[in-house]
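Subject: Handing over the two-chain model

Dear colleague,

I am passing on to you the structure that we spoke about, and I would be grateful if you could look through it alongside the notes in this email.

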Amino acid sequence: MAASSAPRSFLQVAATEEVVSPLRVVQIEGLVILKIIKHCKEFSPALVTGQLLGLDVGSVLEVTNCFPFPIREEDEEIEADGANYQLEMMRCLREVNVDNNTVGWYQSTILGSYQTVELIETFMNYQENIRRCVCIIYDPSRSNQGVLALKALKLSDSFMELYWANSFTGEKLREKNLSWVDIFEEIPIKVSNSALISAFMTELEADTPVTQCDYDRLQLSSNPYMERNVEFLIECMDDLSMEQQKFQYHYRNLSRQQAQQQAWLQKRRAENMARKAAGEEPLPEEDPTNPIFKPIPEPSRLESFLITNQISNYCNQINGVAGQSFNRLYLMKALHDN
Amino acid sequence: MAAGDRTVLQFSTQSTANLSAKVHPLVIFNICDCYVRRPDQAERVIGTLLGSILPDGTVDIRNSYAVPHTESAEQVALDIEYHHNMLVSHQKVNPKEVIVGWYSTGLGVTGGSALIHDFYSREVPNPVHLTVDTGFRNGEGTVRAYVSVNLALGDRQLAAQFQEIPLDLRMVEAERVGFDILKTTSVDKLPTDLEGMEVTMQRLLALIDDIYKYVDDVVEGRVAADNSIGRFISDTVAALPKLSPPAFDKLVNDSLQDQLLLLYLSSITRTQLGLAEKLNTAAQIL
């Protein structure tokens, strides 16, 4: 804000729009992490979701509490039930002084296959009411490999604008220079704990290396995990090739239509020549009522983007696990030699 | 059992002899969080414990929520409706979690606690009372669990005594992975795979070093030999499978090659993705 020349009235200040500082860090409390882990693990392999509560402060989004959503069986009267449950929980939590502010939601996933259109739609729904919301993805299957697989995601602004305009055509995307990497933005996570809790934890679990060793990471059998990852990858490649075929079909149609247009234009021109020779009015060179001039809608690229995102995710995971396996194998080799 | 005309004060200890409780760290986190957020005039926080009773009788405490209450010198009042509402909501998510007891912060068991315990025992046959000392009065944070035992003099019920039962802090593996994160007051970022791997390997190395030192000490006579430890060590070393070096090398190399192949495949896929995307968005019809 520029240096104020004259003191502004309260109304003026209230009327000026605040500049939204970009979200840089998501600060999660240890309590929330434990709750998410517990909830997702209990119900795995089913996918579960829950609500995040917290505060939105400057460039940090603090998540201080969360509560899980019950699993929906059928969609009949569950809509009203779900809303009631949410209101009830929020009201009860308010009474014990928990921050009553929704800042997003969390969901569990299997092997990182979370990029779906539903995710984007949910984001849009949340974005209407809350200025900044975040989605936390937790992967219980990766945590069995010994990694805390927690990610905070947010839709990038440029993508959101495009989505509102509901157009994913080639030119628009090239204008904005948007590619499939830009759909989701991953935000770094910071963990904070109150001093009381950290005192308790340090107290209750001594710091000795014996109890601390997380042997899960040293497990040699990563084969089943890799196999499933590659299976998912193959399925995604099939989907991607289907999408690409759709594009090819569209292009073929487009070029055929253009050829037809050219042919019609030639005919018109020939006719006009004839008419000029005969001294009549030339016909217009365009005829909007002719069906061959109707523009063919270009298929949306959203699906292919999502699939591409998914595939790259799988590849990243494979890379990560392969790296870890290398470490383990070399370790084993060294131990054996000794 | 007393004979004749003398009545003996009976402490019935049979039922509590094998009763113990297991607490998930989530519960402790919850309690601390509620304590930090309590309203200003309240000195302590009271709440319900949810969990299940395992087949061997131990009480498994998995979740908890705080219940607003008002407390004065003479009486304690709990918001029962709130308690029921929260219970119903929690059970919608996880119907297997039932009330197993209640908790309060603060070191000892006070007079008011007996009343509350009475209330909870109407809901559950044998509630467990957990106290979490947030004031660190003994210089450490103590978590204790009690059950109520009836003191009977002959046939008359005299009083209920709170008897302590053994408590066990349990942690699931995935939580253990993130445990370092949970201990400090703030962590700047979650560790990535490779960093975590590094930390684990360092710890393993430290453990092996310790064992080496111990064995050296025993051999040199600096430390008295403990047979059971020696047996453990020899068992562990014997657990390494006896493979001939060529067979072992072949195994390792095979796995290495598999992983390399996967790495190669995934790199190809990513290149393909990059190409496809460029083609898709760059293509223009005339």
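Residues are numbered from 1 along each chain as its sequence is written, while chains are lettered from A and ligands numbered from 1 in the order in which they are written. Please keep in mind that this is a predicted model, in which local features need pLDDT of at least 70 and side-chain atom pairs count only at pLDDT 80 or more, whereas totals for chains, interfaces and linings use all residues; side-chain values use heavy atoms, with hydrogens and water left out.

To start with chain A as a whole, its secondary structure comes to eleven helices and eight strands, where helices (H or I, at least four residues) and strands (E, at least two) are DSSP runs numbered from the N terminus. Of its 338 residues, 46% count as buried, a word used here for under 20% relative accessible area, with exposed meaning over 50% and partly exposed the range in between (1.4 Å probe, protein chains only). Taking the contacts in chain A between residues at least 6 apart in sequence, 76% join residues at least 24 apart, contact meaning heavy atoms within 4.5 Å.

Several strands of chain A are paired with one another, and pairing here requires that DSSP finds at least two bridges between two strands. Strand 2 (residues 49–57) runs antiparallel to strand 3 (residues 60–68), the two being joined by eight bridges, and A:Leu52 has A:Cys66 as its bridge partner in strand 3. The hairpin of strands 2 and 3 has two residues between the strands, and A:Gly58 takes a positive phi near 60 degrees in it. Strand 2 also pairs with strand 4 in the antiparallel sense over five bridges, with A:Gly50 opposite A:Tyr106.

Strand 4 (residues 102–108) in turn runs parallel to strand 5, to which five bridges join it, and A:Trp105 stands opposite A:Cys135 there. Strand 5 is paired as well with strand 6 (residues 150–155), in the antiparallel sense and over four bridges, with A:Ile136 standing opposite A:Ala152.

How many of the residues of strand 5 (residues 134–138) are buried? Five of its five residues are, and the strand is described as mostly covered. In a regular strand the side chains alternate between the two faces of the sheet. In strand 5, A:Val134, A:Ile136 and A:Tyr138 point one way and A:Cys135 and A:Ile137 the other, and all are buried.

Turning to where the two chains meet, helix 2 of chain A (residues 30–43) packs with helix 2 of chain B (residues 25–36) at an angle of about 145 degrees, their axes being 10 Å apart; axes are lines fitted to C-alpha atoms, for helices over the stretch in contact, and angles run from 0 to 180 degrees between N-to-C directions. The contact is made by A:Gly30, A:Leu31, A:Leu34, A:Lys35 and A:Lys38 from chain A and by B:Pro25, B:Leu26, B:Phe29, B:Asn30 and B:Asp33 from chain B.

One of these, B:Asn30, is buried, with a relative accessible area of 5%. Not counting residues up to four places away in sequence, B:Asn30 touches A:Leu31, A:Lys35, B:Asn63 and B:Ser64.

Finally, A:Arg275 is found in helix 10 (residues 223–278) of chain A and counts as partly exposed because its relative accessibility is 24%.

With best wishes
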